[in-house]
Amino acid sequence: MHHIKDPLFQILFSQLQEARILLKADFPTLTIIQANQAWEILVGDSTSYSGMSFLDTKSYLSIFPFDDQTLQSKITEAISHKESISLPAFIHKPLRTAPIWLELHITAIFNSSTVPEYLMLTLYDVTAKIQDQQALRLSQETEALLLSELQEVNEEISSANEELRATNEDLIKSQERLYQLNNQLEEKVKSRTKALVESEQKARFLISSAPVGIVVLTGKELFIESANQKMLAYFGKRSNVIGMPLHLALPEIQDQSFLGILDRIFDTGQAFYGNEIKADMATAKGQVKQAYFNFVYQPIKDPEGPTTSIMIVATEVTDQVIARKTIEQSAHQLNRIVSTTPIGLTILKGKDLIINIVNDPILQIWGRSEKEILNKRLIDVFPELQQQSFPKLLSQVFESKKRVAMLGMPVDIRLPNGALKKAYVDFSYDPLFDIYGNVEAILASVNDVTELINNKKLLQDRQEELESLNEELAAANEELATTNEELFEAQAHISSVFEKLKENETRFRSLFEQSPVGMCFLKGEDLIIELVNDNMLQIWGRQREELIGRSHELARPELKGQPMNDWLREVYQTGIPKTNNELKVRLYYKGGLRDAYVHSLYHPLKDTKGKVTGILVILTDITPFVKARKQVEGAQARLNLAVQSAELGTWNIRLQDGEFSPSTRLKTILGFLEDEEMSFDEAIAQIHDDYREHVKQAIENTIQHDEKFELEFPIIVRQDGTLRWIRATGRTYKTEADLEANFSGTVLDITNRKLEEIRKNDFIAIASHELKTPLTSLKGYLQIMETKIEKSINHDIFKPFVRKSLLQIDKMHSLIKGFLDVARLESGRLIIDPQKINLGKLIHEAIEEAELLSKNHIISIIDCEEVEVFADGDKIAQVLGNLLSNAIKYSPLGKNITINCKVDKDEAIVKVTDEGMGVKPHEVDRLFDRFYRVETKHTKAISGFGIGLYLCAEIIRLHHGRIWAESESGKGTSFYFSLPLA
Amino acid sequence: MSKTICIVEDNPDIADVLDIYLQEEGFEVTLFDTASAFLSTYQKQHNDIFLLDVMLPDGDGISLCNHIKQDPAFAHIPVVIMSAHSQAETINKNSKSDAFIKKPFDLNELKDQLNLLLS
């Protein structure tokens with residue numbers, strides 16, 4: 001004790017800068033021994049403390065936030081550790097000065113033994129330190145917030161939410177961690193009851209130092225069992241609220257939803273997670289402030305199950321929420337700016353140009369509703385832009401990061417109804433940047449100036465119109481001037497013409513005289529014949545002396561009873577010219593009269609006043625022409641009659657241009673209607689397929705070589721498809737004077753005759769077959785007989801008989817064959833089967849057979865070996881056989897027969913030449929006619945029906961080849977035929 | 001060994017000639033004068049070759065030929081068609097016959113043709 005009373009100690013103690021108070025270690029009273037001046041100033045307590053219990057002092061009660069227990073445990077700790085122990089810093093708010101942070105240190109002072117005698121309590125002003133710490137933390141937090149704010153600007157609201165959710169998860173995690181720790185602590189309490197105090201303090205420290213607000217509420221009344229500093233700060237309360245029911249500790253939350261939620265957790269035992277929940281919290285200064293929290297209400301259950309308490313873990317997110325709200329607001333503001341701007345504005349987001357925001361003016365320009373286009377790609381909404389320059393300009397903005405603006409750009413916009421709207425716009429594309437300075441979106445402003453531009457154009461057009469009108473007027477003026485000049489010139493011309501007139505009269509007189517037509521001039525009312533030329537005298541059959549100076553009517557009495565004099569008077573009176581064409585008149589002729597035809601012109605001659613002074617009569621005598629024509633007409637009429645009565649169809653082809661004029665009858669024959677058009681090709685198309693080429697070839701030959709055209713062929717009637725036969729004949733008429741060269745002819749329907757013929761041919765075919773059957777057995781018997789006869793007696797007599805019988809049978813067979821072939825041809829049933837064959841081989845075979853017929857002729861072959869043709873071998877063999885047998889038959893005296901082959905273009909020409917009697921020129925053409933036989937005294941003895949060459953011609957025709965003959969009577973004949981090359 | 005020839009021919013004289021001549025030439029000859037008689041019998045006997053006339057009172061040789069050629073057991077046996085009808089040769093081109101002989105025929109040529117097909 002003596003130390004304390006020591007004056008030196010007193011001075012030292014009382015003048016210490018640190019605020020100190022000395023207490024007796026008389027627990028739990030803690031009697032104050034002495035407090036120094038600094039203590040008294042700091043705690044604002046000037047009363048003498050000596051002898052008082054420290055726990056009763058005003059300063060203890062009002063300043064220190066610790067309860068007795070805390071203090072007591074701290075003192076115990078200081079004693080047991082024999083060192084200075086500090087309590088957590090706390091804030092002290094003196095009445096007149098600024099609040100300060102204080103930290104209490106407890107030091108036990110021992111006398112000699114281990115028993116503590118005094119306790120020294122020291123209060124340090126740690127305001128500066130704490131403020132520094134807080135400032136640091138605040139700046140850290142602000143920095144973090146700023147960072148997150150920046151990020152939030154970058155990201156969508158959803159990402160902010162995610163972040164918050166992540167924070168929430170962090171909270172849950174740390175809460176779980178704490179929960180675990182708590183459990184561990186509880187276990188420790190159970191197992192290590194002795195270390196209870198220390199453990200509890202450790203737990204409290206953990207909770208109190210956690211970076212989140214934590215509070216534990218116990219029981220239905222929600223007693224605040226413990227709360228850390230952070231939570232107390234959120235509450236805006238001090239630690240004295242611990243132990244109080246929540247609704248009393250925080251009366252301001254009474255009207256908010258939290259109490260209800262907490263009540264429910266007791267009932268349900270389910271945790272509650274709050275996200276950005278708004279709360280009105282009291283501040284330390286007693287004001288109410290709006291704050292936002294993420295929190296967890298975690299029920300804590302005892303092992304039996306029921307919830308005994310609730311732990312609340314909370315973080316304040318007010319700043320983040322406010323930051324976000326600010327962004328939202330600014331976005332909203334932008335939206336409002338865009339929507340209220342009177343020019344078209346849109347924000348296109350990203351390189352895809354998603355239409356993010358639009359206003360009414362731009363919707364009007366685009367002709368779309370907001371619903372149709374919002375959040376769609378610009379190019380999807382306006383595919384027509386693809387062809388225009390806009391998308392390119394927009395993507396340029398993304399790259400260049402520079403504004404693009406243009407005035408009066410034409411733009412085509414496809415309206416939803418499909419119409420194309422032509423518009424003109426002023427527009428600008430402003431880049432909007434993200435925090436990295438990249439273009440994130442484009443603010444496009446578009447002003448529809450279509451009307452303006454159109455008006456401008458209209459104005460321009462009007463001006464141009466006016467200008468062109470002016471030009472036209474100027475041109476018209478010039479034209480008028482030119483016309484004036486021309487008029488002057490014309491006047492000058494007229495006067496010169498006048499002068500030439502006299503000259504002309506002389507010339508007229510000579511013209512009059514020499515004119516190739518009859519001319520006469522009648523003068524005055526009496527029509528006195530003043531002038532008449534020689535031609536006129538000839539026509540009239542008069543002498544000049546009979547006429548000149550006399551009246552026309554009296555001079556030509558032959559006209560009495562004819563209308564000419566009346567007409568002349570009429571012309572004189574009316575002044576109107578009169579013409580008559582092909583006028584029939586009776587004229588004076590060698591003392592009598594003749595019938596004549598004239599063209600006449602009565603032309604009145606007038607003086608300058610228009611009065612008729614005379615008549616010019618011009619006559620042409622056309623009597624010979626008219627008479628000739630009448631004769632022709634008569635012949636034509638008779639011919640027409642003949643054509644009509646024969647029911648002949650006729651045609652005419654003008655060679656110059658191929659114009660085809662068929663007669664009505666020809667049209668009906670081919671199955672066309674009378675008034676229908678029928679072209680040459682259409683007419684040809686009606687010819688039967690098997691004959692068409694042949695007919696065309698014949699027509700061609702007629703036109704080219706003047707050959708006679710005479711054919712019988714079947715046609716298919718267009719109307720009903722029936723087959724009819726016609727006979728067509730014609731010839732070309734070459735140019736005679738004024739007649740155009742043409743190919744014309746007639747067509748006759750010969751169906752009935754032809755069908756009759758076909759029936760006859762059918763009969764022949766059947767007859768041939770019937771004839772062949774007995775011939776077969778006859779030949780068979782004879783052949784058997786021929787083999788047997790060797791062994792019989794008199795075989796030398798009978799053998800030649802049998803042989804001759806067999807030869808007669810062969811002859812008969814060939815006759816029957818001939819008839820049959822002709823019959824087949826006539827009925828159109830001769831069918832050829834063309835193949836690639838060697839002509840030389842075929843000719844050799846034919847020669848071998850022919851040589852059997854005659855031993856007197858030498859048949860030679862020239863240049864035929866290599867020739868390949870496209871033909872029916874059997875049929876061509878028949879042709880060759882026929883030509884050779886003819887050559888043999890008709891040249892009984894001639895010796896040599898030659899077969900010669902020649903290749904010309906795409907055909908082979910075979911020539912068979914004999915040295916026989918020949919044929920007269922006029923008969924050559926008819927050689928190939930059916931049943932035609934050259935009748936001479938030499939041929940009388942030669943047998944045959946005259947069908948061989950006809951058959952040859954038909955076979956060659958079916959091969960699309962040609963056959964002809966050249967002959968010189970008495971010297972020999974050459975037969976030619978052509979075949980297509982293989 | 002002698003070959004068997006089966007002939008369908010309605011004309012008795014031609015049939016007679018063929019019968020005499022071919023027997024002389026060493027053939028065994030079976031004769032039918034109608035298509036139906038032929039059809040009811042030909043499968044029951046051995047045949048080396050068929051000679052068929054086209055125009056028959058109750059059918060035609062070309063149809064008979066086709067009938068034979070469709071029968072797997074007989075398709076390999078040669079068939080010769082004969083006719084006096086000029087168009088029969090054309091029609092026969094579509095049948096499966098092995099040869100065609102025009103009437104009136106030369107017996108030597110007929111024999112050569114038959115032997116050629118049988119060799």
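1. Accessible areas here come from the Shrake-Rupley method with a 1.4 Å probe; for residues, only the protein chains shown count as cover. By that method chain B exposes about 5500 Å². Carbon and sulfur atoms supply 48% of that area. Chain A exposes about 57700 Å², with 54% supplied by carbon and sulfur atoms.

2. A word on the source. This is a predicted model, where local features need pLDDT of at least 70 and side-chain atom pairs count only at pLDDT 80 or more, while totals for chains, interfaces and linings use all residues. Residues are numbered from 1 along each chain as its sequence is written, chains are lettered from A and ligands numbered from 1 in the order in which they are written, and side-chain values use heavy atoms, with hydrogens and water left out.

3. Start with chain B. Chain B has 5 helices and 7 strands. (Helices, H or I of at least four residues, and strands, E of at least two, are DSSP runs numbered from the N terminus.) Along the sequence the pattern is β-α-β-α-β-β-β-α-β-α-β-α. The C-alpha trace spans about 30 × 30 × 25 Å along its principal axes.

4. Does the size of chain B agree or disagree with a compact globule? It agrees: a compact globule of 119 residues would have a radius of gyration near 14 Å, and chain B has 13 Å. (The radius is taken over C-alpha atoms; the globule rule is 2.2 Å times the number of residues to the power 0.38.) Of the 119 residues, 51% count as buried. Buried means under 20% relative accessible area, exposed over 50%, partly exposed in between (1.4 Å probe, protein chains only).

5. Chain B has 8 positive and 19 negative side chains. Lys and Arg count as positive, Asp and Glu as negative; His and the chain ends are not counted. The centres of the two sets lie 8 Å apart. Each charge is placed at NZ of Lys, CZ of Arg, CG of Asp or CD of Glu.

6. Chain A has 982 residues, and 39% of them are buried. It holds 31 helices and 33 strands. Look at helix H11(A), residues 258-268: its buried residues are Phe258(A), Leu259(A), Ile261(A), Leu262(A), Ile265(A) and Phe266(A). They sit on the same side of H11(A), because they cover an arc of only 160 degrees around the axis. (The arc is that of the directions from the helix axis to the C-beta atoms.) Their packing partners include strands S7 (213-218) and S9 (272-282) of chain A. Gly269(A) follows H11(A), with a positive phi near 75 degrees.

7. Now helix H21(A), residues 564-574. Met564(A), Asn565(A), Trp567(A), Leu568(A), Val571(A) and Tyr572(A) are buried there. These residues lie on the same side of H21(A), because their arc is only 160 degrees. They pack against, among others, helix H20 (552-555) and strand S19 (578-589) of chain A. Gly575(A) follows H21(A); its phi is positive, near 75 degrees.

8. Check the backbone. Most residues other than glycine have a negative phi, and most peptide bonds are trans. Asn375(A) has a positive phi of about 65 degrees although it is not a glycine. Lys905(A) also is not a glycine, and its phi is positive, about 55 degrees. Lys905(A) lies in the loop between strands S30 (896-904) and S31 (907-913) of chain A. In chain B, a cis peptide bond joins Lys103(B) and Pro104(B), with omega about -5 degrees.

Note on methods:
Contact means heavy atoms within 4.5 Å.
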